[in-house]
Amino acid sequence: PNAPTDTVKNNRRSKYNFNPEIGRLRSALVTLEKLVQLFPDGISLKNDLSVGYVLLGNNKSARRVYEEVLSVAPDDGFAKVHYSFILKSEDMITESIPYLKDRLESGDPGTDEGRFDFHLGDALQRVGDKDAYKWYEIGHQRWHFASVWQRSLYKVVRLKAQAWWTAKETGYTDLVKTLDRNWKMIQDEALGEMGTERALFIPEDENVIEKGEWGQFTLWQQGKKTENSCRGAPKTCALLERFSEATSCKRGQVKYSVMQPGTHIWPHTGPTICHLRMHLGLVIPNEGCQIKCANDTRSWEEGKVLIFNDSFEHEVWQDADGYRLIFIVDVWHPELTPHQRRTLSPI
């Protein structure tokens, strides 16, 4: 009962640090909540508590604690940048920008990370502010990004950085030829599935849609076959089984993608430079559908494959009269070694 204050704090801090390591995040939060009650002026304790709430998906509690911190420590960079994430996730884009900008002035530990430059640039783009690219350049100069255009946060060094690719450049010409030759069969299975009530086409959950409707029907995810989906497209799945560069790609997907008229996808970058993305056109309106990757804008064609590295900024417009349907196949970046392909973690 008469233990010194520092001993109590260090003891509970050690208990908190241990619990997440053994998968007990909720127990860790109970410890932190008690610490905050014992030491209500402990800013770092409150910041840690808020991070824990975010990890559990409790943004409401995290926001409340960050607001408490910023009310007494308005220059705390850690609280600013994490508070901005919560605002941005709640579509309060404009409100999040000042907190993201200010965090670098604090010089606080944990504030100079690529994800913060990434989200600041993204927020500025969504409000139409051209300063976005200034912040992307800052991120590039700090070695957070490979370039202004290629902003993956999961980096593997010395891979060829190129936005658009030809089949020959990838080395996957057999796969591309197979997709080209069998596009009608792939189209038929997709259209057949669209005509059922099984609802295997589900809305895209990426937070990159400005307006419209965008659905997906996934056959492989992170190198794992989705058996239920493949029952809806058995011939397509049997075809893909021959190409391990796609089916073993733990940092990619194989899926159908349908986009309705009036859809716009914000400029955005994929999370990893470790795969290339193939788009096979299945149902393409005559005009109104375009994709821009880096500074080059292209259109899809039925029965033809487009190949690009989606870690480069890309943007999509669907202003046609009818839906656009494509087949997406992610493949390992051809310069990755067999060892890297085996050992890289899924994304």
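The legends below describe close-up views of a predicted model.

**Figure 1. Overall view of the protein chain.** The chain contains 15 helices and 13 strands. Its C-alpha atoms fill a box of roughly 80 × 45 × 40 Å, taken along the principal axes. Of the 347 residues, 49% are buried. The chain exposes about 17,000 Å², and carbon and sulfur atoms supply 49% of that area. Among contacts with a separation of 6 or more, 68% are between residues 24 or more positions apart.

**Figure 2. The open sheet that contains β3 and β10.** Five strands make up this sheet, in the order β3-β7-β12-β9-β10, with antiparallel pairing. The edges are β3 (209–211) and β10 (296–298); each has a single partner strand, so one side of each is left without a neighbour in the sheet. From one strand to the next the twist averages 20°. The partner of β3 is β7 (residues 263–268), joined to β3 by two bridges. In this pair, Ile209 stands opposite Ile265 of β7.

**Figure 3. Strand β6 and its two partners.** Seven of the seven residues of β6 are buried, so this strand is largely enclosed by the rest of the structure. In a regular strand the side chains alternate between the two faces of the sheet. On one side of β6 are Gln253, Lys255, Ser257 and Met259, and on the other are Val254, Tyr256 and Val258. Both of these faces are covered. Strand β4 runs antiparallel to β6 and is joined to β6 by seven bridges; Gln221 has Gln253 as its bridge partner in β6. Strand β13 also pairs with β6 in the antiparallel sense, over six bridges. Here Ser257 stands opposite Ile326 of β13.

Figure 4. Beyond its neighbours within four places in sequence, Phe327 is in contact with residues including Leu179, Ile186, Leu219, Leu240, Tyr256, Met278 and Leu282.

Figure 5. In α10 (residues 173–181), Leu175, Val176, Thr178 and Leu179 are buried. These four cover an arc of only 160° around the axis, which puts them on the same side of the helix. Asp174 and Arg181 are exposed on the other side of α10. An α-helix has 3.6 residues a turn, so residues three or four places apart point the same way.

**Figure 6. Two loop residues with positive phi.** Most residues other than glycine have a negative phi. Asp91 has a positive phi, near 65°, and lies in the loop between α5 (77–89) and α6 (93–106). Ala294 also has a positive phi, near 55°; its place is the loop between β9 (289–293) and β10. Asp91 is exposed, with a relative accessible area of 57%, whereas Ala294 is buried, with a relative accessible area of 13%.

Terms used
Residues are numbered from 1 along each chain as its sequence is written. This is a predicted model: local features need pLDDT of at least 70, side-chain atom pairs count only at pLDDT 80 or more; totals for chains, interfaces and linings use all residues. Side-chain values use heavy atoms; hydrogens and water are left out. Two strands pair if DSSP finds at least two bridges between them. Axes are lines fitted to C-alpha atoms, for helices over the stretch in contact, and angles run from 0 to 180 degrees between N-to-C directions. Buried means under 20% relative accessible area, exposed over 50%, partly exposed in between (1.4 Å probe, protein chains only). The arc is that of the directions from the helix axis to the C-beta atoms. Contact means heavy atoms within 4.5 Å. Accessible areas come from the Shrake-Rupley method with a 1.4 Å probe; for residues, only the protein chains shown count as cover.
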